[in-house]
Amino acid sequence: MNSINHYREEFLAHLKTSIAVKEPRNLYEPIDYILQLGGKRLRPVLTLIAADLFGGDYRKALPAAAAVEVFHNFSLVHDDIMDNASLRRGKATVHQKWNSNIAILSGDAMLICAYRLLESYPPDTFAALAKLFSKTALEVCEGQQWDMDFETQTQVSIPQYLQMIRYKTAVLVGAALQMGTIIAGASIENQRLIYDFGVTIGLAFQLQDDYLDTFGDEAFGKKIGGDILENKKTILYLKTLALADEAQRNTLIAQYTTSEESDEKIAIVTQLFRQTGAAEAVRDEITRTTDEALNLLEHITISDENRAYLKQFALELMNRKV
């Protein structure tokens with residue numbers, strides 16, 4: 001196995017050659033722009049790691065890794081339009097830099113390009129990859145729709161929220177890993193287990209994202225409390241509603257019915273998260289979900305060395321502060 005940085009650098013070199021900027025430039029330049037904005041590149045790196053874990057040549061997984069990354073960024077382009085977001089990774093979003101019509105069309109082209117990147121594989125491998133890819137893509141769309149529905153719903157249950165983040169975020173992590181195992185020729189059982197591991201660690205990752213938005217380290221340059229200002233019904237909000245007394249619940253709901261963007265609002269809501277025990281409950285949920293993912297690793301047929309590698313990667317992923 002190689003270092004994470006090695007896989008990332010190999011992937012970035014491949015990504016530069018994956019989609020060429022050509023005419024019409026207003027279609028392809030936005031694609032190149034969003035793909036070069038950076039990001040963790042978590043999903044494509046996992047595709048390469050999974051291929052290596054099961055004895056495959058990780059370089060053969062580069063087109064699939066690129067497909068995963070292009071699809072992920074396609075979803076971000078369209079999400080930013082729906083959210084009317086002005087920034088992505090500190091830079092202007094595609095629809096802000098160009099316009100919404102161009103962003104929609106470039107996003108559509110990205111989805112098509114993602115499938116075309118899989119065409120280099122033999123027919124049986126392509127069929128398996130495309131089937132998984134289509135299933136995952138539709139689930140991501142379903143998750144996004146639930147997320148938008150929740151913005152206007154007065155009541156959202158914790159199981160509903162977990163289902164939403166599973167589809168919107170976690171299934172693509174699972175698919176990224178499984179695609180690597182498909183290319184490596186792993187057994188169906190190992191494919192299922194690595195997928196389940198990916199989905200579960202993806203859930204833990206998103207729960208931690210929710211937590212760090214309020215309780216992360218501002219020293220890393222990230223504004224704390226953005227979800228509170230946007231009145232997002234994250235796991236912290238839902239746990240607080242479940243654990244609060246009547247007065248606390250009324251205060252929380254009152255804060256989430258205003259569009260005020262102030263440090264005072266963040267302070268009031270953050271205090272409620274702590275007072276009700278919701279912050280601690282979410283930390284416990286993150287730990288439980290991470291442990292569930294690590295337990296799945298014990299059933300995968302790989303060497304102890306490779307299992308330890310994947311476990312260490314997961315633990316480092318979950319020990320971040322931003």
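In this predicted model, helix 13 buries Lys265, Ile266, Val269, Thr270, Leu272 and Phe273. Viewed down the helix axis, the buried residues of helix 13 fall within an arc of 155°, so they line one face of the helix. Asp263, Glu264 and Arg274, on the other side of helix 13, are exposed. The cover over the buried residues of helix 13 includes helix 9 (188-215), helix 10 (226-229), helix 11 (235-243), helix 12 (246-255) and helix 14 (278-297). The length of helix 13 can be checked too: at 1.5 Å a residue, its 13 residues (263-275) should span 18 Å, and the end C-alpha atoms are 18 Å apart, which agrees. After helix 13 comes glycine 277, with a positive phi near 85°.

Gln248, Leu252 and Gln255 are buried in helix 12. Seen down the axis of helix 12, these buried residues fall within an arc of 65°, so they line one face of the helix. Glu246 and Ala247 are exposed on the other side of helix 12, while helix 11 and helix 13 are among what covers its buried residues. At the start of helix 12, aspartate 245 brings a side-chain oxygen to within 3.2 Å of the backbone nitrogen of alanine 247.

Attention now turns to charged pairs. Side chains of opposite charge can pair when their charged atoms come close. Across the whole structure, a search finds 13 salt bridges. One of them joins aspartate 147 and lysine 168, whose closest N and O atoms are 2.6 Å apart. Because aspartate 147 lies in helix 7 (residues 123-152) and lysine 168 in helix 8 (residues 158-184), the pair ties together parts that are 21 residues apart in sequence. Aspartate 147 is partly exposed, at 22% relative accessible area, and lysine 168 also counts as partly exposed, at 24%.

Another salt bridge links the side chains of aspartate 227 and lysine 232 (3.9 Å, N to O). Here aspartate 227 is buried, with a relative accessible area of 12%, whereas lysine 232 is partly exposed at 39%.

A further pair, aspartate 304 and arginine 307, meets in a salt bridge at 3.0 Å, N to O. Both residues lie in helix 15 (residues 304-318), three residues apart, about one turn of the helix. Aspartate 304 is exposed, with a relative accessible area of 62%, but arginine 307 is buried, with 13%.

Notes:
Residues are numbered from 1 along each chain as its sequence is written. This is a predicted model: local features need pLDDT of at least 70, side-chain atom pairs count only at pLDDT 80 or more; totals for chains, interfaces and linings use all residues. Side-chain values use heavy atoms; hydrogens and water are left out. Helices (H or I, at least four residues) and strands (E, at least two) are DSSP runs, numbered from the N terminus. The expected span of a helix is 1.5 Å times one less than its number of residues. Buried means under 20% relative accessible area, exposed over 50%, partly exposed in between (1.4 Å probe, protein chains only). The arc is that of the directions from the helix axis to the C-beta atoms. Contact means heavy atoms within 4.5 Å. A polar contact is a pair of N or O atoms within 3.5 Å; within protein, one must be able to donate a hydrogen and the other to accept it, and residues adjacent in sequence count only if both atoms are side-chain atoms. A salt bridge is a side-chain nitrogen of Lys or Arg within 4 Å of a carboxyl oxygen of Asp or Glu.
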